[in-house]
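Biologist: I have not seen this model before. Please take me through it, and say what each term rests on.

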Amino acid sequence: QMNTEGGFAGRANKLVDSCYSFWQGAIFPLLHEAFRQSGDDVALPPAIAWFSPGPLQTYVFLACQHDSGGLKDKPMKSADFYHTCYALSGVAVSQYEVDGETFVMGDPANLLERTDIYYNVLLEKAERKCAHFDALPPLTVDGRQVEGREGQGAVEWRRHTLSMKGRVEEVTDEGKSAPTYTGPGAAAAVGRGSGGYASS
């Protein structure tokens with residue numbers, strides 16, 4: 001993490017680049033989770049995972065927004081879909097501490113929905129993916145049943161994350177509930193998006 005800019009660079013002697021907000025930033029909670037699951041006697045930080053979320057979010061919010069929309073890798077560059085995706089992905093990772101609390105720079109409306117750090121999709125989407133594939137019949141190829149399963153680390157992280165405080169349900173315009181994950185700052189998110197939020 002760069003001392004001055006607050007964002008991440010891909011490697012030594014490179015300039016800061018917003019896409020590394022995810023490519024570098026998500027490594028730390030993944031490592032924290034791997035140590036947590038292994039039970040090794042490692043002095044794990046209780047809240048944040050070895051990087052500073054405030055300067056990272058500040059870099060993305062202040063230096064990477066393009067006047068016409070989207071995010072760019074650094075000032076004086078053009079916005080594109082790639083950097084918009086991974087800059088936002090990194091911000092989402094940085095807003096959720098490993099203890100389930102949220103850390104949001106600036107306006108509380110800056111809070112993004114929680115993502116599954118293993119797949120870089122909304123946690124709700126990861127759950128729906130699991131439910132979809134669990135409901136399918138066994139796959140048979142050339143008369144043989146092919147078995148596949150999700151990695152145990154991803155399964156355990158999702159179970160642990162969902163057990164922490166702060167789970168709320170989003171009530172969509174169709175009246176269906178879809179789980180979304182914010183944390184203690186959930187009240188700040190009330191009314192955002194197409195539907196409101198209701199505590200579960």
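**Pockets, a core and one histidine**

Modeller: Helix 4 gives the largest share of the second largest pocket's lining, 3 residues. The model is predicted, so local features need pLDDT of at least 70 and side-chain atom pairs 80 or more, while totals for chains, interfaces and linings use all residues. Residues are numbered from 1 along each chain as its sequence is written, and side-chain values use heavy atoms, without hydrogens or water.

Biologist: What makes a residue part of a pocket's lining?

Modeller: A lining residue has an atom within 4 Å of a pocket point; a pocket is an open set of points on a 1 Å grid over the protein atoms alone, where a 1.4 Å probe fits, with protein on both sides within 12 Å along at least five of seven lines. Leu88, Ser89 and Ala92 are among the residues that meet this for the second largest pocket.

Biologist: Why is His32 called buried?

Modeller: Buried means under 20% relative accessible area with a 1.4 Å probe, protein chains only. His32 has 7%, so the word applies. His32 sits in helix 2, residues 27–38, a helix being a DSSP run (H or I) of at least four residues.

Biologist: Which residues make up the largest nonpolar core?

Modeller: Its 12 residues are Phe8, Cys19, Tyr20, Phe22, Ala26, Phe51, Leu56, Tyr86, Val93, Ile117, Leu123 and Trp157. They count as a core because they are buried residues of the nonpolar types listed for a core, joined through side-chain atoms within 4.5 Å.

Definitions and conventions
Helix = DSSP H or I, 4+ residues; strand = E, 2+ residues; numbered from the N terminus. Buried < 20%, exposed > 50% of the residue type's maximum accessible area, 1.4 Å probe, protein only.
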